[in-house]
Amino acid sequence: MEAAAAPGRDAPGSTASQPSGCGKHSSPERKVYMDYNATTPLEPEVIQAVTEAMWEAWGNPSSPYPAGRKAKDIIKAARESLAKMIGGKPQDIIFTSGGTESNNLVIHSVVKHFYVNQTSKGDTGVHHSPVDGAKPHFITSSVEHDSIRLPLEHLAEEQAAAVTFVPVSKASGQAEVDDILAAVRPTTRLVSIMLANNETGVVIPVPEISQRIKALNQERAAAGLPPILVHTDAAQALGKRRVDVEDLGVDFLTIVGHKVYGPRIGALYVRGLGECTLLYPMLFGGGQEQNFRPGTENTPMIAGLGKAAELVTQNWEAYEAHMRDIRDYLEERLEAEFGQKRIHLNSQFPGTERLPNTCNFSIQGPRLQGRMVLAQCRVLMASVGAACHSDHGDQPSPVLLNSGIPFNVARNALRLSVGRSTTRAEVDLIVQDLKQAVAQLEDQA
């Protein structure tokens, strides 16, 4: 399946966007982008939606004149598009600045709710706390994004919360359901587990986790304990596989625009917002977004996010099929060129589902650390792991180490993530580029 069969824009550096003849290895202008898990370019339709909103909907959405009413209508339509993309209700969608804000909003809301209930008269949680001065307990995994890990670590350091980081299985790369359930305490209030890992692409069994937590909540209710909520950061999964909040059974779900060829804003889904699931604002202001995220709405970016969601709803199956075909071809070419014994596919765990676009691998050998290989590449634009870990120097990815990848293998890791329009021809180019890079490093030894 060639890229022409996949909906979407040309990838950065693709043949269609380059001068003729620049596919030759000697051309310094020829680049192939394979870091789509870090960020994606805007689709042309998204750029058009943003531009039109800037021209036609510049008014304040809370104002009665035409430009304001136009802005309000655009925001309403975008909310509906996001809800349709994830199988939720429009009134349960809150626009945010991005995934980090959405994740922090969930965590801090749970903390706030715990302490409000602790001091409220008649709250059963007061009587069933195991000790006076109990703290809310969070459960997450050892491979979460920094926007989950760091706020939880901060709360623990401030002694405002207790946190359990459940290790992932070295056999599956996943946070196992039984391990998560085993970590539950009477004070547990939130389980936050990403839907798919941004470095390995491993898909976590969130539906099973939610089902087990729901059954446990019935027992907790009988014991007078409050329910445990479930949150998933779906940033990497959206646009690459089916994502439906009813199937997932989650109370919160994080949406990130720039991972789905949209602008750098985000949204948060909250099941039964304000009724079934409580949310506490981190900001206070003019009352926008049902008072949960006040501030005059960023209409152009919301318009772009709505269009990006619309494209995902229409095309996710084609996107998924194309990316899987290209990713599989990439792994075949790597093994063919370097040999199966020399290539270690860090993102492959037998029997474990993974994202269709993600290939995390190591070329084994001394002096072949991932950063050194990338530094020698003249065509490939990629990363050694998560962009938020770019300051870790030559230290291996903690995600890979926590997933059971040996130190000497993990330090050589590269993460290639293909996009909607990545071609087999581009795969051929970057594999040859990697061969040249490796040969250069080995010649220097």
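The crossing of H2 and H9 is left-handed, a label given when the near helix is turned anticlockwise from the far one by less than a right angle. This is a predicted model, in which local features need pLDDT of at least 70 and side-chain atom pairs count only at pLDDT 80 or more, while totals for chains, interfaces and linings use all residues. Residues are numbered from 1 along each chain as its sequence is written, and side-chain values use heavy atoms, with hydrogens and water left out.

The axes of helix H2 (residues 66–86) and helix H9 (residues 299–338) come within 8 Å and cross at roughly 30°, with axes fitted to C-alpha atoms over the stretch in contact and angles running from 0 to 180 degrees between N-to-C directions. Helices are DSSP runs of H or I with at least four residues, and strands are runs of E with at least two, numbered from the N terminus. Among the residues that meet, Ala 71 and Ile 74 belong to H2, and Ile 302 and Gly 306 to H9, where contact means heavy atoms within 4.5 Å.

H9 also packs on a sheet, touching S9, S10 and S12, and its direction makes about 10° with that of S10. This open sheet has three strands in the order S9-S10-S12, with antiparallel pairing, and two strands pair if DSSP finds at least two bridges between them.

| Stretch | pLDDT |
|---|---|
| residues 1–8 | under 50 |
| residues 121–131 | below 50 |

Where pLDDT is low, the predicted coordinates should not be read in detail.

How values were computed: pLDDT is the predictor's confidence in each residue, from 0 to 100.
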